[in-house]
Amino acid sequence: DVSTKTLYAIGAFSNGGFEKIVEINPMHPEYVMFAVSGYNGPFDIDDYPIEGETYIPHYMAEIRTSEYGTRVDGKKYTFTKDIVPMRIYVGVKGKLEDGSDAPEDDFLARNGLKYGQLYGFSIDMRCEEGPTNGVWRDEWHKTAKNGDMVAGKWIAQPWRWDGEVRNFQHDGSWDYQNPPPGAEEGSDMEGYFWWTAAGTDESGCKTEHVTPDTRTGNTAFIQGSTCGYFGHAYVEGVAETLDAAAGDLPSMFDGSYYVYQGETDITNNIILNGAGQLPEGRNATLNWDDPEGEGKATFEDIDGIEAVVSGDKLYLIIQEDSGNHHGERMFITSPLEHEADDNDIAYFFVAMSGGKANSRGLAGVGIPKGTACFDGEKFQADSHEFSGVFDLSGLLRKDGSGNFVVSAADTGATKLANNKQVGINDKYILISLQAANMKCGVIEAFQADRGGQWLLYRPNIPETIELPPTPEISKEAVIGDACQESDGSPSTKNVSLAAAATMLLLLLSSFLVF
């Protein structure tokens with residue numbers, strides 16, 4: 001609560017660990033909606049064994065099974081990490097956890113964060129009838145192309161926050177190993193599963209950042225993955241569904257997901273404009289997280305994504321966090337579109353920073369002087385991370401008299417509305433950069449976490465863009481026949497974690513304290 005400078009713990013999103021949670025349009029004044037992205041249990045405390053017991057986190061799966069019995073498929077629960085679909089949260093304003101009216105001064109209830117429900121994206125996973133022919137999310141994206149669509153449902157998971165803090169074996173993170181409610185054998189939705197990365201038994205790639213679609217009339221967001229793919233998730237019929245719920249929480253929403261980029265070759269889509277040149281004839285059209293390899297042609301470990309709105313167009317800023325030895329890459333897209341018209345998205349190279357093979361890092365360059373660390377033999381070059389985007393254009397917009405349009409008394413909605421009024425090449429966009437190797441000198445003296453910079457970026461995107469045609473990819477050659485299992489159930493084989501400037505940079509500060 002900014003007005004009272006109070007921090008509140010929120011239990012309504014479950015306790016699985018999150019990368020980013022963003023508000024999306026609920027289309028209704030009595031509700032709130034959020035897109036929720038995270039890891040669903042990134043707890044790695046195997047270094048702390050419990051005497052006489054097996055190590056956590058797998059110990060927690062044994063506890064879950066002992067207290068709740070086996071899963072619907074008869075198997076024991078496996079640990080939850082990265083077994084998770086795309087998710088949204090819907091909350092009712094002014095209600096306590098049991099649905100009763102809350103006092104007016106209850107901050108969390110007033111903002112719909114006590115009485116609410118998580119919903120997971122679920123699809124028909126039957127081999128013949130389903131939209132992916134029984135293929136899970138990571139594997140399906142290996143051949144997905146711009147415009148491919150997956151129809152589904154946002155289904156309420158069984159778990160709901162009731163106000164009582166419990167141990168993790170009782171958490172909602174385990175729900176995604178069973179079919180969603182209403183998809184039981186013999187039901188109209190038989191065959192529906194939560195569309196997770198690699199099925200109910202295996203962890204897949206992480207879902208890191210989400211970013212909202214703030215255009216009028218949409219309840220939607222863009223979801224990224226460390227596998228290097230991303231797409232647009234829509235929640236459909238929201239106003240009608242919430243009207244029918246009459247102040248309560250519906251059991252499901254219709255939904256759809258459109259691909260912008262699969263885990264496929266992007267080298268023909270990258271426009272360097274002469275920048276991104278690296279030693280030994282390499283360049284930034286490839287990712288070099290393996291310094292001895294030939295470079296990866298896909299996005300690798302997409303972390304930060306942020307949609308920038310101009311008029312009715314969306315542009316996406318993409319930030320990798322991959323361990324690229326020549327420095328992490330950042331791109332901005334051409335206007336996003338997901339029509340199945342064979343017109344792909346262009347990726348304009350914005351910048352790269354850091355890396356173990358970075359010549360400036362190896363030479364000890366640091367801002368301020370002395371922040372680069374020397375180990376007695378050499379300077380320590382290491383990864384940097386672009387880690388955040390903020391569109392300043394709405395705040396900086398002025399009227400014809402030269403006065404700022406947005407004032408301190410205005411709401412965030414006013415700022416977003418003014419963002420849309422600024423052309424993409426007239427925007428000033430704030431970029432955050434972390435520098436993991438800069439931790440000495442003044443950084444160490446102030447006991448800060450690491451160095452970094454704030455950067456101000458002004459795009460320069462051409463009006464017309466021509467890209468070479470994208471080669472066709474054979475689904476059979478890449479992922480085989482997902483329906484080859486004798487019982488007709490969806491494929492659950494594990495998916496590998498593979499594959500996956502022209503700018504104005506104005507230095508605003510020498511280092512950041514994180």
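User: Leaving aside its neighbours within four places in sequence, which residues is D148 in contact with?

Analyst: Contact means heavy atoms within 4.5 Å. Beyond those neighbours within four places in sequence, D148 is in contact with W140, T143, Y257, Y258 and V259. This is a predicted model, in which local features need pLDDT of at least 70 and side-chain atom pairs count only at pLDDT 80 or more, while totals for chains, interfaces and linings use all residues. Residues are numbered from 1 along each chain as its sequence is written, and side-chain values use heavy atoms, with hydrogens and water left out.

User: Is D148 buried or exposed?

Analyst: Buried means under 20% relative accessible area, exposed over 50%, and partly exposed in between (1.4 Å probe, protein chains only). D148 has a relative accessible area of 16%, so this residue is buried. D148 sits in the loop between helix 3 (137-140) and strand 5 (149-156); helices (H or I, at least four residues) and strands (E, at least two) are DSSP runs, numbered from the N terminus.

User: What does the side chain of D148 reach?

Analyst: The backbone nitrogen of K145, at 3.0 Å.

User: How many residues has the largest nonpolar core?

Analyst: In soluble globular proteins, nonpolar side chains tend to be buried together. A nonpolar core is a set of buried Ala, Val, Leu, Ile, Met, Phe, Trp, Tyr and Cys residues joined through side-chain atoms within 4.5 Å. Here the largest has 36 residues, and I88, V90, W154, W195, F253 and Y257 have the most contacts inside it. Among the elements that each supply at least two residues of this core are strand 3 (87-92), strand 5, helix 4 (238-245) and strand 10 (252-261). Another core, of 21 residues, lies apart from it and includes Y260, L316, L336 and Y347.

User: Which residues have a positive phi although they are not glycine?

Analyst: N133 is one of them, with a phi of about 55 degrees; Q447 also has a positive phi of about 55 degrees. N133 lies in the loop between strand 4 and helix 3, and Q447 in the loop between helix 8 (442-445) and strand 18 (451-457). N133 is partly exposed at 40% relative accessible area, whereas Q447 counts as exposed at 74% relative accessibility.

User: Where is the cis peptide bond?

Analyst: The bond runs from I367 to P368, with omega near -5 degrees. P368 is placed in the loop between helix 5 (359-362) and strand 16 (384-391).

Terms used:
Polar contact = N/O pair within 3.5 Å; in protein donor to acceptor, adjacent residues only side chain to side chain.
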